[in-house]
Amino acid sequence: MSRNEFTCDCNVIHQDAVDKVLTKMPSENTFNRLADLFKLIGDTTRCRILFALDQDEMCVCDLANVLNMTKSSISHQLATLRRSGVVKCRKEGKEVYYTLDDEHIGQLFEIGLEHINHKG
């Protein structure tokens, strides 16, 4: 049997570290909502839509053109993102324009891109 060098063989509890984390531990509901957000943006098509909307406000036709997809498939994904509070829209005449809901979504997306680009 080979020894795993990354396994902790001690039985010491570092109570200060444990207490520090426990005092800051979010609720189970918060973790569920966070996991749902990551699942939501964990789809390639939705990531491409978020990238486009992080660059500029766009309508469905614009997004369909940029992503080389049908308006129907873009609309379906936008509806999912809108229901989840990741994107918002505004109507101007017959056109509906989409943007990221707030700067946090943009930051989250940009940090993710920076992380994977840094790791190569």
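Arg-83 is found in helix 5, which covers residues 71-83. Helices here are DSSP runs of H or I with at least four residues, numbered from the N terminus. The model is predicted, so local features need pLDDT of at least 70, side-chain atom pairs count only at pLDDT 80 or more, and totals for chains, interfaces and linings use all residues. Residues are numbered from 1 along each chain as its sequence is written, and side-chain values use heavy atoms, with hydrogens and water left out.

The side chains of Arg-83 and Thr-80 make a polar contact at 3.4 Å. A polar contact is a pair of N or O atoms within 3.5 Å; within protein, one must be able to donate a hydrogen and the other to accept it, and residues adjacent in sequence count only if both atoms are side-chain atoms.

Asn-68 lies in the loop between helix 4 (60-67) and helix 5. Its phi is near 55°, a positive value in a residue other than glycine.

How accessible are these residues? Buried means under 20% relative accessible area, exposed over 50%, and partly exposed in between, with a 1.4 Å probe and protein chains only.

| Residue | Relative accessibility | Class |
|---|---|---|
| Arg-83 | 64% | exposed |
| Asn-68 | 71% | exposed |
| Thr-80 | 15% | buried |

The C-alpha atoms of Arg-83 and Arg-48 are separated by 18 Å, and the two residues are 35 apart along the chain.

**Helix 3**

Helix 3 has 12 residues, 44-55. From first C-alpha to last, helix 3 reaches 17 Å, close to the 16 Å expected at 1.5 Å a residue. That expected span is 1.5 Å times one less than the number of residues.

Which residues of helix 3 are buried? They are Thr-45, Arg-46, Ile-49, Leu-50, Ala-52 and Leu-53. These cover an arc of only 160° around the axis, which puts them on the same side of helix 3. The arc is that of the directions from the helix axis to the C-beta atoms. On the other side of helix 3, Thr-44 and Gln-55 are exposed.

Asp-43 caps the N-terminal end of helix 3. A side-chain oxygen of Asp-43 lies 3.0 Å from the backbone nitrogen of Thr-45.

**Helix 3 against helix 6**

Helix 3 packs with helix 6 (residues 103-119) at an angle of about 115°, with their axes 10 Å apart. Helix 3 and helix 6 are therefore roughly perpendicular to each other. Roughly perpendicular covers angles of 65 to 115 degrees. Axes are lines fitted to C-alpha atoms, for helices over the stretch in contact, and angles run from 0 to 180 degrees between N-to-C directions.

Methods: Helices (H or I, at least four residues) and strands (E, at least two) are DSSP runs, numbered from the N terminus. Angles under 35 degrees count as roughly parallel, over 145 as roughly antiparallel, 65 to 115 as roughly perpendicular and the rest as oblique.
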